[in-house]
Amino acid sequence: MLVLFETAAGYAIFKVLDESKLQEVDSLWKEFETPEKANKVVKLKHFEKFQDTTEALAAATAMTEGKMGKSLKKVLKKVVAKEAHEQLAISDAKLGGVIKEKLNLSCVHSPAVAELMRGIRTQMESLITGLPPREISAMSLGLAHSLSRYKLKFSPDKVDTMIVQAISLLDDLDKELNNYIMRCREWYGWHFPEVGKIITDNLAYCKSVRKIGARTNVATTDLSEHLPEEVEAEVKLAAEISMGTEVSEEDIGNIMHLCDQVIEITEYRTQLYDYLKNRMMAIAPNLTVMVGELVGARLISHAGSLLNLAKHPASTVQILGAEKALFRALKTRRDTPKYGLIYHASLVGQTSAKNKGKISRMLAAKASLAIRYDALGEDTNAEMGVENRAKLEARLRHLEEKGIRRISGTVTPGDYCIG
């Protein structure tokens, strides 16, 4: 029996000297306790060294994907094909199938082979002669770095990392903005409380406060850039009869700094949302069409990656985000939740309360297909998502019309029984 052993420095072919040792799997490790014992079990037949890191990286990536690289094919043809009657022990069963198909060599993979590989690895320095330990260590480190860079660059899992980070940051920004705006309204409310009820939009409120400053400046301040004409007139009228307390210049200065922060964060949030929208349309266009970019991004973030989300069945996608409610319902033997994050999708939102469960189930089924198409398909268009959304909207209209007909008292066949 021959053994194919892969290292960072090259491919090694070993000859098993005593095959009877492989029968005792549990005690095989004892044969590799010392270099002397190891040399009695296996002997190096051929070692094909890699020319550079590029060749080593190509060989390693081919091996991880279960493919046969050029350098491996060359070694097998040169050494193993001469002894075609011998079995070839390999560490990967998938690779064995490829070798058998292309070179018609008999490959074997078993627990005994795995234990043998482990033993060879422990005594690798003594078994592979002519290769200093320092060189093996340097080549292993170089290959590890190159392989990591390759995986980060080409792995489909890593592409959606940006979406996960962006949606998490967007949620954090929303929380911070709410806190800052609440604090700003409360703080400035001591000085000019009436303006808080007149200006309901938070950004317009902060921009107006930033421009007004002290309440006494309202009459001479032009707010037409931030407010409609009638709202501006109402603010100026309220300033004349305001019940607010007087505050110092230092207080006004701090409130203005806070307003600057709110305006800056709001502008950044808008920019981040546009970025997220573009990334979602590039990575998961069909999912975005079905549930929207925010819900889609939250589903991806909750699952960890688009590929992980694609592995979930539709029933899991439907209640993703409602895990606590699900386990609580199972524990107390109550009704399980009908929806999780998918509740915030526009299709579910525009449905009447009675039909929300039905629509969320149908949407989850179609969204699950869209996710798989985005994650595993080769096309990058959103045609499938548009088509399925149109079907769901038609179904939604049918359900709503059916409900309206029943409420209005339309007679349907079977309503009366003639006895």
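This is a predicted model: local features need pLDDT of at least 70, side-chain atom pairs count only at pLDDT 80 or more; totals for chains, interfaces and linings use all residues.
How many aromatic pairs does the structure hold? I looked, and there are four.

**Entry 1: Phe5 and Phe14**

I started with Phe5 and Phe14, whose ring centres are 6.3 Å apart. Their planes meet at 70°, so I wrote this pair down as edge-to-face, since the cut-off for that label is over 60 degrees. I then checked both residues for burial, and Phe5 and Phe14 are both buried.

**Entry 2: Tyr11 and Phe50**

Next I went to Tyr11 and Phe50, an aromatic pair that is also edge-to-face. Here I noted 5.4 Å from centre to centre and 75° between the planes. Where do the two residues sit in the chain? Tyr11 is in strand β2 (residues 10-16), while Phe50 is in the loop between β3 (42-49) and α2 (53-64). They are 39 residues apart, so this pair links distant parts of the chain.

Are Tyr11 and Phe50 buried or exposed? Tyr11 has a relative accessible area of 2%, so I put it down as buried. Phe50 comes out at 6%, which makes it buried too; the limit I used is under 20%.

**Entry 3: the second largest pocket**

I met Tyr11 and Phe50 again in the lining of the second largest pocket. About 160 Å³ of space lies in this pocket. Other lining residues include Glu6, Thr7, Met63 and Leu143. Which elements give two or more residues to the lining? I found α2 and α7 (133-154). The largest share comes from α2, with five residues. Sorting the lining by class, I got eight nonpolar, two polar and one charged residues.

**Entry 4: a charge over a ring**

I also looked up Arg185 and Tyr205. The charged end of Arg185 sits over the ring of Tyr205, 4.3 Å from the ring's centre.

**Entry 5: the Nop span**

I turned to the UniProt record, an unreviewed entry, which lists residues 283-401 as "domain: Nop".

**Entry 6: Arg333**

What is the phi of Arg333? It is positive, about 60°, although Arg333 is not a glycine. I placed Arg333 in the loop between α18 (323-332) and α19 (346-349). Is Arg333 buried or exposed? Its relative accessibility is 80%, so I counted Arg333 as exposed, with over 50% as the cut-off.

Conventions. Residues are numbered from 1 along each chain as its sequence is written. Side-chain values use heavy atoms; hydrogens and water are left out. Rings of Phe, Tyr and Trp (its six-membered ring) pair if their centres lie within 6.5 Å; planes under 30 degrees apart count as stacked, over 60 as edge-to-face and the rest as tilted. Buried means under 20% relative accessible area, exposed over 50%, partly exposed in between (1.4 Å probe, protein chains only). Helices (H or I, at least four residues) and strands (E, at least two) are DSSP runs, numbered from the N terminus. A charge sits over a ring if NZ of Lys or CZ of Arg is within 6 Å of the ring centre and within 35 degrees of the ring normal. UniProt positions are given in the numbering used here, feature names are shortened, and annotations may be inferred rather than shown by experiment. On a 1 Å grid over the protein atoms alone, a cavity is a set of points where a 1.4 Å probe fits but cannot get out, and a pocket is an open set with protein on both sides within 12 Å along at least five of seven lines; lining residues have an atom within 4 Å of a point. Grid points are joined across faces, edges and corners, and a volume is the space filled by probe spheres set on the points. Ala, Val, Leu, Ile, Met, Phe, Trp, Tyr, Cys and Pro count as nonpolar, Asp, Glu, Lys and Arg as charged, and the others, Gly among them, as polar.
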